[in-house]
Amino acid sequence: MSTAIILISGDSLPIAKKIRKDYPGVTIYSKSALPDCQQIRSIEECVKEVFRKVDHLLFIGAMGICVRSIAPYIQDKYTDPAVINIDSTGTYVISVLSGHVGGANELTRRIAHILGGEAVITTQSDRQDLWVLDTLGKTYQWNTSTTEKNLNTYIATFVNRKPVALLLDIRDQGTDYLEHTCPEHVDIYYRFQAIELSAYELLIAVTPFLYTDVPVPVLYFHPPVLHLGAGCRKDCRLAGIADYIAGQFRERQLAIDALKDISTIDLKEKEPLLTELQEAWGMLPIRIYSAGELKNMSVPNPSRKVEEVTSVPGISEAAAIKSADGGSLIVEKQKGYITQGNEFTFAVAVEKGVLRGEGHIEIVGAGPGDPELVSVRGRRFLQQADLILYAGSLVPVELTWYAKEGTIVRSSASMNLEEQFELMKEFYDKGLLVVRLHTGDPCIYGAIQEQMAFLTSTGCPIILHPGSLRSRQRQQPYAPSLPFRKKYKPLFSPGEKGVPPCRKKKNFLC
């Protein structure tokens with residue numbers, strides 16, 4: 001990011017230099033001849049020169065001069081740079097232009113922290129602590145689309161606290177944030193069919209799907225969770241194929257914006273069709289697999305002819321499933337034929353474990369023993385879980401008090417491994433969220449490896465979460481509070497060669 005600072009008075013140079021320590025690429029402009037500054041004849045000429053060339057434009061001095069200087073060049077929030085005005089004492093840092101899209105609001109907060117000043121932001125969503133809809137997709141790498149052209153219409157409905165329905169068809173870091181910070185005027189749904197749309201003025205949908213005949217405006221966020229596998233005859237003619245596949249997506253109410261990549265077998269690596277599809281849909285990455293990587297994939301529509309030539313039972317289905325990390329096919333192999341000489345196939349798989357209809361298992365570490373030291377993310381999953389299975393003889397029961405009403409909470413102390421697996425699999429098969437609450441930090445300690453191996457072998461996706469920031473960083477030794485100290489063996493023995501003095505103590509975790 002390129003940043004320019006314009007000094008309205010040379011006395012403000014110390015403030016500009018303080019900012020430049022955190023932003024080394026900053027260029028400082030001043031009418032006075034000052035060290036480390038570019039001298040200018042006038043502020044007006046400088047603004048004319050740099051306004052379209054920089055990402056951030058900071059004025060230090062009177063707000064009126066800032067506003068009059070930029071006024072002739074303002075166009076819209078999608079092309080204007082972020083403009084900030086700082087008073088001559090560094091007390092107030094004011095977001096002036098391109099607050100969200102241009103990043104002025106975020107930069108205002110950061111500059112205020114650097115200077116120890118006060119961030120002044122007037123954008124309504126910021127003042128009300130609401131989601132920033134026009135940058136939300138960019139934050140979580142979601143593609144944004146709308147059923148109406150003007151995004152400001154959606155933003156106005158949202159920030160004015162009109163009734164809004166939020167549909168979450170998938171689960172990822174972004175949807176976790178939305179669930180955790182949901183405003184009171186927004187109702188969350190996990191199935192489109194459950195929404196009484198007549199009660200709402202806006203539908204926000206985080207989904208790889210498209211919904212038709214919706215009587216209210218729809219703001220779509222499409223996470224890239226779909227994987228396209230493709231195959232074709234040698235030197236396949238390209239005309240119309242990309243449009244045909246896009247049409248098939250629309251017929252099946254799938255968003256082409258939710259595509260993450262295109263994949264095939266290495267025998268087809270040089271086929272022009274791959275480049276044609278890549279360019280048609282925003283330069284998606286292409287993934288190439290060897291026959292060895294695909295031949296053992298189980299596909300619903302195997303082809304004996306394809307297997308004889310490639311040793312793979314079906315290229316498009318196998319490649320899609322492989323790219324989706326073993327996820328399920330939502331479009332089985334389709335044979336395309338537009339004109340003679342351009343026969344092709346394609347299939348679509350959805351990334352494993354992201355759809356809400358599928359079960360989900362989170363392995364959360366309890367941290368060093370104190371219930372208040374569990375990671376923030378781990379606590380959030382405890383609050384969302386449908387089943388919490390905790391190591392009752394080792395984990396503080398207070399951690400299970402985060403459970404929402406209706407959550408099943410069970411101790412594994414009296415269960416053997418088979419009983420634990422059976423219980424977790426039961427909830428997983430129902431499409432529910434399971435939290436296995438274990439001791440310490442499962443990212444470091446190995447006590448849960450056997451359970452993880454079993455769950456993985458049965459096809460259940462699992463995600464590990466560290467016990468606490470302290471245990472993840474492993475920066476300092478930690479003496480757990482009694483009675484937990486007895487549960488652990490020292491990682492190092494006193495006097496052990498090469499062990500730093502701070503670790504030459506018994507019963508310390510590192």
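Student: Against which elements do the buried residues of α3 pack?

Tutor: The model is predicted: local features need pLDDT of at least 70, side-chain atom pairs count only at pLDDT 80 or more, and totals for chains, interfaces and linings use all residues. Residues are numbered from 1 along each chain as its sequence is written, and side-chain values use heavy atoms, leaving out hydrogens and water. Helices (H or I, at least four residues) and strands (E, at least two) are DSSP runs numbered from the N terminus, and contact means heavy atoms within 4.5 Å. On that basis, the buried residues of α3 pack against α2 (43-50), β4 (56-60), β5 (82-86) and β6 (92-97).

Student: Which residues of α3 are buried, and how wide an arc do they cover?

Tutor: Buried means under 20% relative accessible area, exposed over 50%, and partly exposed in between (1.4 Å probe, protein chains only). In helix α3 (residues 63-70), the buried residues are C66, S69 and I70. They are on the same side of α3, because the arc that they cover around the axis is only 85°.

Student: Within what arc do the buried residues of α2 fall?

Tutor: In α2, the buried residues are I43, C46, V47 and V50. An arc is that of the directions from the helix axis to the C-beta atoms. The buried residues of α2 line one face of the helix, because, seen down its axis, they fall within an arc of 95°.

Student: Against which elements do the buried residues of α2 pack?

Tutor: The residues concerned are I43, C46, V47 and V50. They pack against β1 (3-7), β2 (27-30), β4 and α3.

Student: How are α9 and α10 oriented to each other?

Tutor: Axes are lines fitted to C-alpha atoms, for helices over the stretch in contact, and angles run from 0 to 180 degrees between N-to-C directions. Helix α9 (residues 241-251) packs with helix α10 (residues 272-280) at an angle of about 60°, their axes being 9 Å apart. Angles under 35 degrees count as roughly parallel, over 145 as roughly antiparallel, 65 to 115 as roughly perpendicular, and the rest as oblique. The two helices, α9 and α10, are therefore oblique.

Student: How many nonpolar residues does the contact of α9 with α10 have?

Tutor: The contact brings I241, A242 and I245 of α9 to L273, L277 and A280 of α10. Ala, Val, Leu, Ile, Met, Phe, Trp, Tyr, Cys and Pro count as nonpolar, Asp, Glu, Lys and Arg as charged, and the others, Gly among them, as polar. By class, the contact of α9 with α10 has no polar residues, no charged residues and nonpolar residues numbering six.

Student: Is E251 buried or exposed?

Tutor: E251 lies in helix α9. Its relative accessible area is 62%, so E251 is exposed.

Student: What is the relative accessible area of H185?

Tutor: H185 is found in the loop between α8 and β10 (186-189). Leaving aside residues up to four places away in sequence, H185 touches L130, F158, R161, K162, P163 and V164. H185 is buried, because its relative accessible area is 12%.
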